[in-house]
Amino acid sequence: MNGTIGRRGVLAGASMLFLGACSKVADSTVGSHLLGAAETWHKKVHRSLADRMALAREYEKDDISPTFKGNGTVNINTPEYQAATQNRFADWRLEVRGMVDTPMSLSMDNIRALPQRTQITRHDCVEGWSAIGEWTGPQLSTLLEAAGVQEGANFVVFRCADRFSQGPYYESVDMIDAMHPQTIVAHMLNGEALPVKNGAPLRMRVERQLGYKHPKYLTAIELVASLDDIGEGQGGYWEDHHGYQWYAGI
Ligand SMILES: Nc1nc2c(c(=O)[nH]1)N[C@H]1C(S)=C(S)[C@@H](COP(=O)(O)O)O[C@H]1N2
Ligand SMILES: [Mo]
């Protein structure tokens, strides 16, 4: 796959799967009504893929919430993090590692120098609150294309600097959410550097997912084939410790 998985790569891979399945049915002697059923299934899967690629609603400046509350970890009481806030995260690094051709360690300047996306979206937390904010940062797809995703990488794991009760906070998404145009590595909220309570200096925005899938205090992006060896194997902090759904699409 040449180290890059674009939107096309994901779709081409998916349609190859469908073609394989359909030709198997066609070869069988079971009859054409089965083929018809397969076609319906084929269309449904296409529809749901298209649905997964659809954009989350974007709002206007006037819709921005006056305050965007901090939830979960809202500060990190380690000497390292406190020192990092003091020098405005000049030494913060974001690693891109795992199943990539070129592992990277990016500075905040590197991240700010990439093409940026700004989006005003609504964040929905399972605890029952929402807030609208304007987020800015490079698309995750830009970082993944630069690093060169290797064939067989199926998930992106996000590592965070904070510990949240039982341990480190981590999350993961599949390649469809990873390559989604609104999945960005945000370093700004409402035109300002990301506040500490909202995950300074970097946090994910995965706009088609619920709030807990948006990791704050981001330190690394890891490409993996399987989630089995990540934490307890369910793909994230909430999934492993509190039984939340891994797929929290909205
Ligand atoms: N590292 C880290 N990321 C996190 C959390 C956390 O506690 N630690 N909480 C999650 C939850 S449940 C929500 S709703 C959002 C809250 O984002 P906010 O603090 O910007 O409101 O961050 C998510 N990402
Ligand atoms: Mo949440």
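Modeller: Helices (H or I, at least four residues) and strands (E, at least two) are DSSP runs counted from the N terminus. This is a predicted model, where local features need pLDDT of at least 70 and side-chain atom pairs pLDDT 80 or more, while totals for chains, interfaces and linings take in all residues; side-chain values use heavy atoms, without hydrogens or water. Residue numbers run from 1 along each chain as written, with chains lettered from A and ligands numbered from 1 in written order.

On to ligand 1. It has 22 residues around it (a heavy atom within 4 Å), and K69, N71, D162, N198 and K216 come nearest. Strand β5, residues 155–164, puts three residues into that shell, the most of any contributor. Sorted by class, the shell holds nine nonpolar, eight polar and five charged residues, with Gly counted as polar and Tyr, Cys and Pro among the nonpolar ones.

Now the polar contacts (N or O pairs within 3.5 Å). A polar backbone atom of K69 sits 2.6 Å from an oxygen of ligand 1, and N71 also uses a backbone N or O atom, 2.8 Å from a ligand oxygen. R203 brings in its side chain instead, with an N or O atom 2.9 Å from an oxygen of ligand 1.

The bond from A200 to P201 is cis, with omega near 0 degrees, and P201 belongs to the loop between β9 (192–193) and β10 (203–206). You'll find R88 in the loop between α3 (79–86) and β1 (93–98).

Notes:
A polar contact is a pair of N or O atoms within 3.5 Å; within protein, one must be able to donate a hydrogen and the other to accept it, and residues adjacent in sequence count only if both atoms are side-chain atoms.
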